[in-house]
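Okay, thanks for coming, everyone. Let me put the structure up and walk you through the parts I've been looking at.

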Amino acid sequence: MARISKETASFGSFLIELVVYAVFVFAYFFLVLHFLGHWVKHLFDQYRTAYAAVALALIVVQGIVLEMLTTALLKLIRRREE
Amino acid sequence: MDFLISGTHISPIYLMVVGFVIGILGGFFGVGGSFLAGPALFAVGVPMNFVVGTDLAHIVGKSIVAAKRHRMLGNVDIKLGLIMVIGTILGVETGAQIIQQLKRHRNVDAVVAVAFVIVLVGISAFIGWESWQTSKMRKTERAGKSPSKRKLKQDASAIAYVAKYVQGLHLPPMVSLPNSGIARISLWTILVVAYVGGVFSGFLGGGAGYVRMPALVYVLGVPTHVAVGTDLFEVVISASYGTFTHALKGNVDILIALVMHTGAAIGAQIGATLTQYFHGTRIRLAFVPLPLLGAALIVYSLITGHHLK
């Protein structure tokens, strides 16, 4: 019984962290991607080499930032479980 | 949401969910997930040349997350990964050149889609057969042994003789891979495996982990857990190169990749953590239906001509 309630609690905290993550992501969509779209399209049409470099830099930076964010969120979940 | 570069209109929620599912699968199986991401993008009307390049870009971001997680779990053979990068980059360039040739002949969609289906069904059938054979072999071997003696990362394969033969080839220079439990192996065999994976990556998109991960296990004899982690590490470097070269050729819609990656980032963490709880044979067996799902999506789009808007 205690084990079930512990699993339910950890699943609940995981869902909370997922909601926090979703809020971050939606803010990102509307604040960053909205403004980025036209500039990136301009680079794609006019300066293809710069576009290639910017595209790679964007995905690498996002990868590192989201890795840090998800690691922090998962650590929070584990701390709550303990 | 309008994606101006590829001229498509796709729901960001759809892209995030696809990214999340692919993230879990990628973290668990050590594959980029292009066997699902490619068909999922094609199914909502993204042109095939953009599918190939965009998928590679999304894989760069996602693999950073999963590779770091696997490194913490001790599943990455960095020496093997760095050697493989050389062969993979040469292969990616070959694959990207094939795509360019097909673009000139205006039949890139049909050729890539049909090739994708053949490769996916072939891999699924092979891994299914091998894992089933290995499971039978393990059951027979275990008959008299205590279950407590078994370890999660212990690996077995019904076709282990292939890896033994490859490791026995004496083609200098020879290298040792202690992290993978390989005493001596020819550098050329590693480069050939990586080159073939790279050609698939450049031609069909993604990191081609669906080819490279099984090849690491069956051809080179790397334990499944290490194959998963090393493949992801290697994919970070080779997919970065692939993204750049495809972006130069106008095949990358980076905004689609960024949106997909937001879902994939959290999925990859979950998937990588899950590998601790499964035997190598079970990981491979669970992999079997996934390429078939991707193949079914492509066949649906090809036969009906409809896209899942």
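So, start with α4(B), residues 78-104, and α7(B), residues 187-204: these two helices pack at an angle of about 40°, with their axes 6 Å apart. And keep in mind, please, that this is a predicted model. The crossing of α4(B) and α7(B) is right-handed. As for what sits in that contact, you get 20 nonpolar residues, nine polar ones and one charged.

Helix α1(B), residues 12-29, packs on helix α2(B), residues 34-43, at about 165°, and here the axes are 9 Å apart. Anything over 145 degrees counts as roughly antiparallel, so that's what α1(B) is to α2(B). The crossing is right-handed here too: that's how α1(B) passes α2(B). Which residues in α1(B) and α2(B) meet? On the α1(B) side you have B:Val18, B:Ile22 and B:Leu25, and on the α2(B) side B:Leu36, B:Ala37 and B:Ala40. That contact divides into six nonpolar residues, with no polar and no charged ones.

Zooming out for a second. Chain B comes to 12 helices and four strands. It has 309 residues, and 56% of them count as buried. If you take the contacts in chain B with a separation of 6 or more, 82% of them are between residues 24 or more positions apart.

B:Phe3 is in strand β1(B), residues 2-3. Is B:Phe3 buried or exposed? The cut-off for buried is 20 or more other C-beta atoms within 10 Å, and B:Phe3 has 22, so it's buried. Leaving aside neighbours within four places in sequence, B:Phe3 is in contact with B:Thr8, B:Ile10, B:Asp253, B:Leu255 and B:Ile256.

B:Leu255 turns up again in the core. The largest nonpolar core has 106 residues, and B:Leu255 is among those with the most contacts inside it, along with B:Ile254, B:Ala57, B:Phe116, B:Leu204, A:Ala55 and A:Ile59. Look at B:Ile254 in particular: not counting residues up to four places away in sequence, it touches A:Val40, A:Ala55, A:Leu58, A:Ile59 and B:Ala57.

Which takes us to the interface. There, 26 residues of chain B are in contact with 25 residues of chain A. On the chain B side, α3 (48-72), α9 (224-248) and α10 (254-274) each supply at least two residues. The most comes from α10(B), with 10 residues. By type, that side of chain B has 18 nonpolar residues, seven polar and one charged.

Between α9 and α10 of chain B there's a loop, and B:Lys249 is in it. With 18 other C-beta atoms within 10 Å, B:Lys249 is partly exposed. Beyond its neighbours within four places in sequence, B:Lys249 is in contact with B:Ala96 and B:Gln100. From B:Lys249 to B:Ala295 it's 46 residues in sequence and 26 Å in space, C-alpha to C-alpha.

One last thing to check by eye. The peptide bond from B:Pro172 to B:Pro173 is cis, with omega near 5°. You'll find B:Pro173 in the loop between α6 (160-168) and β3 (174-177) of chain B. Okay, that's my tour.

Key. Residues are numbered from 1 along each chain as its sequence is written. Chains are lettered from A and ligands numbered from 1 in the order in which they are written. This is a predicted model: local features need pLDDT of at least 70, side-chain atom pairs count only at pLDDT 80 or more; totals for chains, interfaces and linings use all residues. Axes are lines fitted to C-alpha atoms, for helices over the stretch in contact, and angles run from 0 to 180 degrees between N-to-C directions. Angles under 35 degrees count as roughly parallel, over 145 as roughly antiparallel, 65 to 115 as roughly perpendicular and the rest as oblique. A crossing is left-handed if the near helix is turned anticlockwise from the far one by less than a right angle, and right-handed if clockwise. Two residues are in contact if their C-beta atoms, placed from the backbone, lie within 7 Å. Ala, Val, Leu, Ile, Met, Phe, Trp, Tyr, Cys and Pro count as nonpolar, Asp, Glu, Lys and Arg as charged, and the others, Gly among them, as polar. A nonpolar core is a set of buried Ala, Val, Leu, Ile, Met, Phe, Trp, Tyr and Cys residues joined through C-beta atoms within 7 Å. A residue is buried if 20 or more other C-beta atoms lie within 10 Å of its own, exposed if 12 or fewer, and partly exposed in between; C-beta atoms are placed from the backbone.
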